[in-house]
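Grab a pencil and let's work through a few exercises together. Try each task yourself before you read its solution.

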2 protein chains.
Amino acid sequence: MRTVDLIEKKRDGARLTAGELTFLIEGYTRDRIPDYQMAAFCMAVLWRGMAMPETADLVAAMVATGERLDLRRFGRVVDKHSTGGVGDKTTLAVAPLVAACGLAVAKMSGRGLGFSGGTLDKLESITGYRVDLSTAELVTQLERIGIVLTGQTADLAPADGKLYALRDTTGTVPSIPLIASSIMSKKIAAGANAVVLDVKVGSGAFMKDLPSARLLARTMVAIGKAHGLVVTCELTDMEQPLGRAVGNSLEVIEAIATLRGAGPPDLLALTRLAGAEMLVLGRKVRDRTAGLARIDRAIADGSGLAKLRELVAAQGGDPRMVDDPGRLPRAPHVATLRAARTGYVKAIAAGAVGLASVHLGAGREKKGDPIDHRTGIVLYAKVGDRVERGAPFADVHHAGRPADDAAIEAVHAAVAFSARPVPRRRLVLGRIAG
Amino acid sequence: MRTVDLIEKKRDGARLTAGELTFLIEGYTRDRIPDYQMAAFCMAVLWRGMAMPETADLVAAMVATGERLDLRRFGRVVDKHSTGGVGDKTTLAVAPLVAACGLAVAKMSGRGLGFSGGTLDKLESITGYRVDLSTAELVTQLERIGIVLTGQTADLAPADGKLYALRDTTGTVPSIPLIASSIMSKKIAAGANAVVLDVKVGSGAFMKDLPSARLLARTMVAIGKAHGLVVTCELTDMEQPLGRAVGNSLEVIEAIATLRGAGPPDLLALTRLAGAEMLVLGRKVRDRTAGLARIDRAIADGSGLAKLRELVAAQGGDPRMVDDPGRLPRAPHVATLRAARTGYVKAIAAGAVGLASVHLGAGREKKGDPIDHRTGIVLYAKVGDRVERGAPFADVHHAGRPADDAAIEAVHAAVAFSARPVPRRRLVLGRIAG
């Protein structure tokens, strides 16, 4: 088999066999196939796409490059994944809640890149919190407290890490089969039996429109099916940020508030939805209604919050920050934005808010950049809300650098007002399941 | 400027500016941009294409990476280029003919790859012939005898050599803007004022159909115009091999026969056409009719043949091989293929004949492979010819290796017969000029 023949086959729109994909992915991971051939292949995939069974074969080849975690002793393993958006801190609330309901949660998360934040960065707002657990540490902690939130270990689907770094520099990120296989290969390698997915749609998400989001969701559901996993997928709105807070420490504070029963309605709704779905797939409850009730109880009785405290303590973080979120790091300056006249919020450009948070230091433009956990944005109104003249609609938490003025201005420009009432946005746009 | 942004721009179908193309090509040639980014870019170009002015800007960027030969003291410099086909030895006949007519010819040729032969390989059938002249040697020889046939020097458009090697391994060869810019950047860097192009069309050529060939021709004419060159382009048939001989030594013998006035009609026709066109563009004759007459005279009076002899001697080759082609290397074995019944030649699959010659050792499957100059195929009939039962229709010249049987069989299979008369093929399919 020659690599160039396989590139040409895909370039000409043909379907690759499982054997051909294994040759490519295995060869690339073991450095037998050079970056330049894989880069051309990825661009050809972006151009021509992949059939569903072909994408499932690609995932199998990626999983086979590394270890596959065996967590069967913990019962059904239900993973959760969001394709990423602005202000999406759902994992921080939902993971402790379902763990408190008796479902083992071993979740490997990622870092933020571009306008989208990452769970690991958010967790590192908590002093001391470790995100680099070894596989052995992961298993021990899961046995002891039933929850782990850590980073991807290098021995799971190593092909994915190498491919992602290449795609990032070669303009080959936005390919649905490549995105789907990247996500699903990690979930399968991490030992999941089921996955609850949240595909974000809108200006603050990687999928800008509903048809692309649906295709991505269907692709991931099909991959799951081909690999014996149950996958359900919600399509949710990312035209405005989720919740109120954008920025690492600020988002942890909001997740803690949600666990205390005081979270913003949209974040609470998604947390309940994802949590109930996980409990159903994990066979802890009979149906979604029972799942929602169980999640509500874990909020009301404080067991979700207690589980977060346990998690933070187990991974070396300062648990007092969970008890008293005032201890979390805060930016030294807050600029409050106020409405120039009475009206209704017409739009909050999620992508622009995400980029403003990057410019405030809360995110990174390229891999490896340091971030400032303290900075970010809190929005006091959602689309459709009425705001009185002079009332604050956002706080920008910043470090006081000269460059921050532009970011503050960008947040201002991201919020559009209308004199006439504006309908609220629907949060859940659809559901796709296998 | 970031390379990834330019890849994404092309990926999304936009047009790059001259400055952006210079950034890419200059950066790649100087090793500031890695192979993997350029590979993704080339696949995006293959996918999205390039506008004509954009392609002309690409050529300018490629030319600017190296030296540009100044041959103005030799008057108008007219280059000649064929996109390559099976049995195309036109350069070997036409270059000495136009040089004998007083037009300075400094032609840099390439090697064969895949089914297509290369002028350098053919010339090296002549013992001692050097194809690695330095720029200084080239100029001295051009002053002395008015003709040079050598290889590409490394200091002309170095971007092209590097890009071509990358495209060859990444499935990005068949892109019209990339093919056109590769050809034209070398012609411009080599100091041409005018170029006579022959774009081959058919199964034995890189352009398989007339629309692609026309687009390639129009692209090269437009590039020429943008750079102040006059370019004319013939589109010629490559559904059957040109002339009778395929294989290096065999093709040199046929070119010499053509210079003696005894060449096959199709090769003679193309030689006269290209020669007349070069003389017109070189302002040695008033029009094409006068050019054809001038070429005919250079054949009849033996001055073309004498010029080939001079060329071979000047570049270290054995000139007795020109006087007596029987001295050229010959394969030890000849298998003669005969017609099973009386009929007409319906088709001669040029690509299959070219591949058979590669398998006989006359060509190379990958760059750097050694070749056997002696082997090849001589076809005694063209499409439309009547062949009597038992009459020979081809000789296969081979080294007597066991693997040669399959190649002989492939030549047999490449020639199709019909019981009923078959029309002859038209050789010249069109002409495009600026």
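**Exercise 1.** Which residue of chain B comes closest to the rotation axis?

*Solution.* Keep in mind that we're looking at a predicted model. Start with the axis: turning chain B by 180°, with 0.0 Å of shift along the axis, superposes it on chain A with an RMSD of 0.0 Å. That is the relation of a two-fold axis. Now look for the chain B residue closest to that axis: B:Tyr36, whose C-alpha is at 1.8 Å.

**Exercise 2.** Work out how much area chain B and chain A bury between them, and which residues of chain B lose the most.

*Solution.* First, the contacts: 20 residues of chain B touch 20 residues of chain A. Next, the area: the two chains bury about 1600 Å² between them, and 74% of that is on carbon and sulfur atoms. In chain B, the residues that lose the most area to chain A are B:Tyr36, B:Met43 and B:Trp47, which together make up 36% of what that side buries. Finally, compare the two sides: 100% of the interface residues of chain B are also interface residues in chain A, so the copies meet through the same surface.

**Exercise 3.** How are the rings of A:Trp47 and B:Trp47 arranged?

*Solution.* Over all chains, the count of aromatic pairs comes to 3. For this one, the ring centres of A:Trp47 and B:Trp47 are 5.8 Å apart and the planes are at 5°, so the pair is stacked.

Methods
Residues are numbered from 1 along each chain as its sequence is written. Chains are lettered from A and ligands numbered from 1 in the order in which they are written. This is a predicted model: local features need pLDDT of at least 70, side-chain atom pairs count only at pLDDT 80 or more; totals for chains, interfaces and linings use all residues. Side-chain values use heavy atoms; hydrogens and water are left out. Copies are superposed by least squares on the C-alpha atoms of residues with pLDDT of at least 70 in both. Contact means heavy atoms within 4.5 Å. Buried area is the accessible area (1.4 Å probe) that two parts lose on being put together, summed over both. Rings of Phe, Tyr and Trp (its six-membered ring) pair if their centres lie within 6.5 Å; planes under 30 degrees apart count as stacked, over 60 as edge-to-face and the rest as tilted.
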